Amino acid sequence: LMSVELITTDGIFSLDGEDFDVTNNIWIVGDDREVVVVDAAHDAEAIVSAINGRRVRQILLTHGHNDHINAAVELSEAVDAPIALHPADTMLWDVVYPDRRPDLDLSEGARFSVGGHELSVLHTPGHAPGCCCFHDSRTAVLFSGDTLFCGGPGATGRSFSDRPTILHSIRERLLALPGHTVVHTGHGDSTTIEAERPLIEELVRTEL
């Protein structure tokens, strides 16, 4: 069975000249031999410790905001794993890492295998242009980053974000998934597609 482990780390999210204290969710997905890491926030050491010697196939970044990537390069070097990011978020990545590129470009429909499971990439722009979710259809699990939270869509209203775009992404890409799909988010509690559907449908109806 695919194991999903949660690590939380605390740090600062910076955008548009403002700083916010945040707690981030980092998801370690795989089995007892190999894993992928979804997002790399604040504290590479804590993530390495949770990986516990397993092989890391990829570090998959849901988007380029600093609080999701600021431990990525240190983690990559510690565990010798490539970093994957959607190229539409390059301008966000460059703020944190002006002298290094991500190793892999995420794209709609790309697939990553780990521990006998396959995560497929859903490109879900809105919170940031390069936001991606990672979906394992076999176990009905979605890693949603900051696209969909327990309680609705991720924040918009800052640079490079757009509310109609995020609502469209959630409606088209995420509400199409089975209702029992468990949604593991970038911050806060997990939820399900079914639990979030009524609110999203209402927002779509009133705003789009």
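**Figure 1. The loop between β3 and α1 holds H42.** In this predicted model, H42 adopts a positive phi of about 70° although it is not a glycine. H42 is also among the residues touched by G11, together with F20, D21 and V22, when residues up to four places away in sequence are not counted.

**Figure 2. G11 lies in strand β1, which spans residues 3-15.** The C-alpha atoms of G11 and V22 are separated by 5.6 Å, with the two residues 11 apart along the chain. The loop between β1 and β2 contains D16. Phi of D16 is near 55°, a positive value in a residue other than glycine. Because its relative accessibility is 41%, D16 counts as partly exposed.

**Figure 3. The largest nonpolar core comprises 25 residues.** The members that touch the most others are I51, L61, L75 and W93. Two or more residues are contributed to this core by each of β2 (18-30), β3 (34-38), α1 (44-51), β4 (55-60), α3 (72-79) and β5 (83-85). Around L75, the contacts beyond four places in sequence are V37, A40, A44, I47, V48, I51, I59 and D80. A second, separate core has 17 residues, including W27, L119, V121 and V141.

**Figure 4. Six strands form an open sheet with mixed pairing.** The strand order is β7-β8-β9-β10-β13-β14.

**Figure 5. Helices α5 (residues 163-174) and α6 (residues 193-207) cross at roughly 135°.** Their axes come within 10 Å. The crossing angle makes α5 oblique to α6, and the crossing is left-handed. On the α5 side, R163, L167, I170, R171 and L174 take part in the contact, and they meet I193, I200, L203, V204 and E207 in α6.

Methods: Residues numbered from 1 in each chain as written. Predicted model: local features only at pLDDT ≥ 70, side-chain atom pairs only at ≥ 80, totals over all residues. Heavy atoms only, no water. Pairing = 2+ DSSP bridges. Helix = DSSP H or I, 4+ residues; strand = E, 2+ residues; numbered from the N terminus. Core = buried A, V, L, I, M, F, W, Y, C linked by side-chain atoms within 4.5 Å. Buried < 20%, exposed > 50% of the residue type's maximum accessible area, 1.4 Å probe, protein only. Contact = heavy atoms within 4.5 Å. Axes fitted to C-alpha atoms, helices over the stretch in contact; angles between N-to-C directions. Parallel < 35°, antiparallel > 145°, perpendicular 65-115°, else oblique. Left-handed = near helix turned anticlockwise from the far one by under 90°.
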